[in-house]
Amino acid sequence: MKIQVLLAIVVILFLFSCHQKNTLFKKISSSYSGIDFNNKIDENDSINPIDVVNVYNGGGVGIGDFNNDGLQDIFFTGNMVSSKLYLNKGNLKFEDITGKAGVDGMGRWARGVSIVDINNDGLPDIYICNTIYKDSLRRRNILYVNQGVDKDGIPHFKDMAADYGLDAHLQSTMAYFFDYDNDGDLDMYLVVNGANNFRDPSQFRPTNSKVVPSVGKLFRNDWDSSQNHGVFHDVSEQAGINLEGFGHAATICDINRDGWKDIYISNDFISDNILYINNHDGTFTNQSKEYFKHTSLNAMGQDVVDINNDGLADVFELDMSPNDNYRKKTMLNSGNYFTYQNFDMFHHQYQYVRNTLQLNQGPRVLQNDSIGAPAFSEIGFMSGIAETDWSWTPLIADFNNDSYRDVVITNGFPKDVTDHDFMAFRRDNPAAMVTPKMDLVKKIPEVKLHNYAFQNMGGYTFNDVTDNWGLDEPTFSDGAAYAD
């Protein structure tokens, strides 16, 4: 069975002003732009949504000026297809230079991509996180180091992940480069999602039970004089990075404004989200419960950004709650009281199936008049952005130039494995036990949904302007990035 899936988006969106219809985004056709990337999934008996829970989680998009010509180029990660690098030729026209540049992804199942100048030579490099395959060698992450530009303006790359100690072969989702120890060089946090290797990721169990082999990793950058560049070493255990989770995203931020970078991680299923607060000594402590009263349950993409222009970092996180009653009934479970008893019994943080917007109220004043951690109020419903269905990536930026940051959300999933009718069919129909697997896959409903656009109305509330801004076409959209 073949499904045409465009998961690693973005079809190029051109920002412009049209006063009559207030339209902000215009889709540029592939025939004009030259970008025809299609993250096509060919399901089979071993790779399908029944056996591989993250098969449709798509891939990321990276943007950088790889040939230093002043124009931003685009890199798409591929799953069963080659990753692609498109060189910006100007006027929103692009050229596929994947083969010439040597960045096809080597047949691995790519998930996230980070654009980073790993060796401080002024040329952006490409770090790709790989996943899915059982063979760990096919999951080795790739570091394409930019070797410079030839006479035709084409950048060339060489995989040097092993040289830099970055050839991790986990179920990698995304990598974040930042200086966690304030020594002046870039370290790295790696988000890991091993849900494909776990029988029931929604089963309650003690936090940090060590049952789930899905734990994020922290790599410290140490100078290696023999190689004349930094080499990354896994320091997770000594740094206190040891909590399990099925990670989808993270944000590096100084959330308590103490001058040291912290890490907020969104975890899917029952595993808690994690807020690693930097202890200034090379270690981190999870303080999510101290900062937030609750979080999103099926936490997907997120961002930590000042949403109301008060100078304080707020936290926006995506989940899977639809905004219409029909979709709610087909995919959501009831709010069972015993579920929340289990949150307490197993010492989990409370989690709810909806997007959450944590508004930063500023630092607490403690009883001894000292300054404590910031207090957060969750205002997702009040803000109007709590329910956007099967959402993945929030892009938060001032898209209409009114000085307030707006939100664009990618949406959709090729096969709704949470559909209650399909689940009942498999559970109650004896024929389902002998139905060929690919015939079962065909019975799973599709979830082709439009993306969302929300205009910030002054800091706390948002208006749904999806139609007016031109994002009302149903798609399967996952990763996203924005640039001029």
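Which backbone nitrogen lies 2.8 Å from a polar atom of the side chain of D319? It is that of L297, a pair that falls under the rule for a polar contact, namely N or O atoms within 3.5 Å, where within protein one must be able to donate a hydrogen and the other to accept it, and where residues adjacent in sequence count only if both atoms are side-chain atoms. The model is predicted, so local features need pLDDT of at least 70 and side-chain atom pairs count only at pLDDT 80 or more, while totals for chains, interfaces and linings use all residues. Residues are numbered from 1 along each chain as its sequence is written, and side-chain values use heavy atoms, with hydrogens and water left out.

D319 is found in the loop between β23 (314-317) and α5 (325-331); helices (H or I, at least four residues) and strands (E, at least two) are DSSP runs, numbered from the N terminus. Leaving aside neighbours within four places in sequence, the residues in contact with D319 (heavy atoms within 4.5 Å) include S296, L297, Y352, R354 and D389. D319 is buried, a word that means under 20% relative accessible area, with exposed meaning over 50% and partly exposed in between (1.4 Å probe, protein chains only).

R354 is itself buried, with a relative accessible area of 15%, and forms a salt bridge with E378 in which the closest N and O atoms are 3.3 Å apart. That pair links distant parts of the chain, with R354 in the loop between β24 (351-352) and β25 (356-365) and E378 in strand β26 (residues 371-378), 24 residues apart.

A search of the whole structure finds 11 salt bridges. Among them, D416 pairs with R327 at 3.2 Å between the closest N and O atoms, joining the loop between β28 (406-411) and α8 (420-428) to helix α5 across 89 residues, and both D416 and R327 are buried. The side chains of K151 and D152 also meet in a salt bridge (3.6 Å, N to O), but both of these residues are exposed.

Disulfides, pairs of cysteine sulfur atoms within 2.5 Å, come to a count of zero. The sulfur of C129 is 19 Å from the closest cysteine sulfur, in C253, and is therefore too far for a bond.

Methods. Lys and Arg count as positive and Asp and Glu as negative; His and the chain ends are not counted. A salt bridge is a side-chain nitrogen of Lys or Arg within 4 Å of a carboxyl oxygen of Asp or Glu.
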